[in-house]
Amino acid sequence: GTIANCSGGITPWNTFLSSEENYNNFYGEIEFHKGQRKFIPSKKHAWHKQFPLPPEHYGWIVEIDPWTGHAEKQVLLGRAPHEGATTVLTQNKKAVVYMAEDRPGGFIYKFVSTGQHFREGTLYAADTVKGQWKALDLVQNPQLKKHFKNQLEVFTYSHKDAELVGATPQDRPEDIEVDPKTNNIFIALTKNPDRKNYYGSIL
């Protein structure tokens, strides 16, 4: 099943995306410390006591066809407490999905497909200090090999990936919209009391 569904967006082929956002409130999360992984159970709902599923089962972008009811978790878009998934087509018909990670210190991601689908492509995290997109890919970023055995693990722990490649932590990124006239990308940053940003901003 799917839980904690938050905003997403409509794809160019008229399916819609929904983000499994605060899954950690239900199941908890896997945290990394000195190369070791540790399960931190949820203190809020503790669903793992009733439904023994790993937290990695949740936190994905779910693509839903409203006409057939078919739903599929799109693993290549990465796993994180996303809020928002805005899809656009490039001039050469590649699908690009912009995603926000709604947590203090969360990151901004994008996925660039090799075609009009989510079957193959590259996931990136934004370095807004240097103005770069960092590929979350074992081949393009060898430092990820020190922490992950394969690309599936990289997709599963997007937040850790982004930290390792030097992406920029943000003040709770939420909705992302693309200006249809200028192609500028607008990102709503809610707030981050940890950095004394109490009112948010627009990036």
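Strands E7 (residues 82–89) and E8 (residues 95–101) pair in the antiparallel sense over 6 bridges in this predicted model. Strands here are DSSP runs of E with at least two residues, helices are DSSP runs of H or I with at least four, and both are numbered from the N terminus; two strands pair if DSSP finds at least two bridges between them. Leu 89 has Ala 95 of E8 as its bridge partner. The hairpin formed by E7 and E8 has 5 residues between the strands, and Lys 93 takes a positive phi near 70 degrees in this hairpin.

Because 6 of its 8 residues are buried, E7 is largely enclosed by the rest of the structure. Buried denotes under 20% relative accessible area, exposed over 50%, and partly exposed the range in between (1.4 Å probe, protein chains only). Thr 87 lies in E7 and counts as buried at 10% relative accessibility. With residues up to four places away in sequence not counted, Thr 87 touches Ala 95, Val 96 and Val 97, and also Ile 10, Thr 11, Pro 12, Leu 17 and Phe 118; contact means heavy atoms within 4.5 Å.

Asp 171 is 26 residues from Asn 197 along the chain, and their C-alpha atoms are separated by 7.5 Å.

The chain as a whole contains 2 helices and 16 strands. The C-alpha trace spans about 45 × 45 × 40 Å along its principal axes. Of the 203 residues, 47% count as buried. Among contacts with a separation of 6 or more, 44% involve residues 24 or more positions apart.

Residues are numbered from 1 along each chain as its sequence is written, and side-chain values use heavy atoms, with hydrogens and water left out. As the model is predicted, local features need pLDDT of at least 70 and side-chain atom pairs count only at pLDDT 80 or more, while totals for chains, interfaces and linings use all residues.
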